[in-house]
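Below is a short report on one protein model. Have a look at the structure, then read on.

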Amino acid sequence: MREALALAREGAELGEVPVGAVLVQDGQVVGRGFNCPISRRDPSAHAEMVAIRAAAAALDNYRLPGSTLYVTLEPCSMCAGLIVHSRIQRVVYGATEPKAGVAVSRGQFFEQAFLNHRVLVEGGVLAEECGAILSAFFKARRG
């Protein structure tokens, strides 16, 4: 999660909402990403999406079984769908996202019976630090 936080800070320096993600498989980081929809002009360029795409390319496989995704913010619906489709085993997130998070805040997406893959979810890891970077970012933007 500390590496995901470093990536979030990197994104913030570019004016992006500071969310970072790291995908780990067999104890090795195989994908990294931070939010970059503004700089890439790509609405799908969320931290999770960038990290998962990088991992899939690095492993030459669109499925990532046995992997863990560490992300500083609770995933949105788009990213949750991608997590399921890529067969990620576990998601560990920091801060909850009351407006759009779908792990616990706006619903329990990963627990839906219609899904053909189950994802283990753990939230609240370094939550205070993950939330603080977001709060500071938005406070600076408003100021």
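Which residues does T68 touch, not counting residues up to four places away in sequence? They are V22, L23, V24, R90 and V92, where contact means heavy atoms within 4.5 Å.

## About the model

This is a predicted model, in which local features need pLDDT of at least 70, side-chain atom pairs count only at pLDDT 80 or more, and totals for chains, interfaces and linings use all residues. Residues are numbered from 1 along each chain as its sequence is written, and side-chain values use heavy atoms, with hydrogens and water left out.

## T68 in strand β3

T68 belongs to strand β3. Helices (H or I, at least four residues) and strands (E, at least two) are DSSP runs, numbered from the N terminus. With a relative accessible area of 11%, T68 is buried. Buried means under 20% relative accessible area, exposed over 50%, and partly exposed in between (1.4 Å probe, protein chains only).

## The nonpolar core

How many residues does the largest nonpolar core have? There are 40. Such a core is a set of buried Ala, Val, Leu, Ile, Met, Phe, Trp, Tyr and Cys residues joined through side-chain atoms within 4.5 Å. L23, L69, I83, I88 and F110 have the most contacts inside this core. Two or more residues come from each of α1 (2–13), β1 (20–25), β2, α3 (47–59), β3 (67–73), α4 (77–85), β4 (90–95) and α5 (127–142). The largest share, five residues, is that of α3.

Leaving aside neighbours within four places in sequence, I83 is in contact with I52, L69, P75, I88, V91, F110 and V119. In soluble globular proteins, nonpolar side chains tend to be buried together.

## Helix α4

Which residues of α4 are buried? They are C79, A80, G81, I83 and V84. Their cover includes α3, β3 and β4. G81 lies in this helix, and its relative accessible area of 16% makes G81 buried. After α4 comes R87, with a positive phi near 65°.

## E48 in helix α3

E48 sits in helix α3. Is E48 buried or exposed? E48 counts as buried, because its relative accessibility is 4%. Beyond residues up to four places away in sequence, E48 touches A21, L69, V71, L73, P75 and C79.

The C-alpha atoms of E48 and G81 are 11 Å apart, with the two residues 33 residues apart along the chain.

## N35 and its polar contact

N35 is in the loop between β2 (28–34) and α2 (37–40). N35 counts as buried, because its relative accessibility is 11%. What does N35 touch, not counting residues up to four places away in sequence? The list is E16, V17, V19, A45, H46 and A47.

A polar atom of the N35 side chain lies 2.7 Å from the backbone nitrogen of A47. A polar contact is a pair of N or O atoms within 3.5 Å; within protein, one must be able to donate a hydrogen and the other to accept it, and residues adjacent in sequence count only if both atoms are side-chain atoms.

## Two loop residues with positive phi

R41 is not a glycine, yet its phi is positive, about 55°. R41 is in the loop between α2 and α3. R41 is exposed, with a relative accessible area of 73%.

L126 is also a residue other than glycine, and its phi is positive, near 55°. The loop between β5 (120–122) and α5 holds L126. With a relative accessible area of 28%, L126 is partly exposed.

## The largest pocket

The largest pocket holds about 580 Å³ of space. On a 1 Å grid over the protein atoms alone, a pocket is an open set of points where a 1.4 Å probe fits, with protein on both sides within 12 Å along at least five of seven lines; lining residues have an atom within 4 Å of a point. Grid points are joined across faces, edges and corners, and a volume is the space filled by probe spheres set on the points.

Of the 23 lining residues, V17, L73, E97, L134 and F138 are the closest to the centre of the pocket. Both α2 and α5 give two or more residues to the lining. α5 gives the most, with four residues. By class, the lining has 13 nonpolar, five polar and five charged residues. Here Ala, Val, Leu, Ile, Met, Phe, Trp, Tyr, Cys and Pro count as nonpolar, Asp, Glu, Lys and Arg as charged, and the others, Gly among them, as polar.
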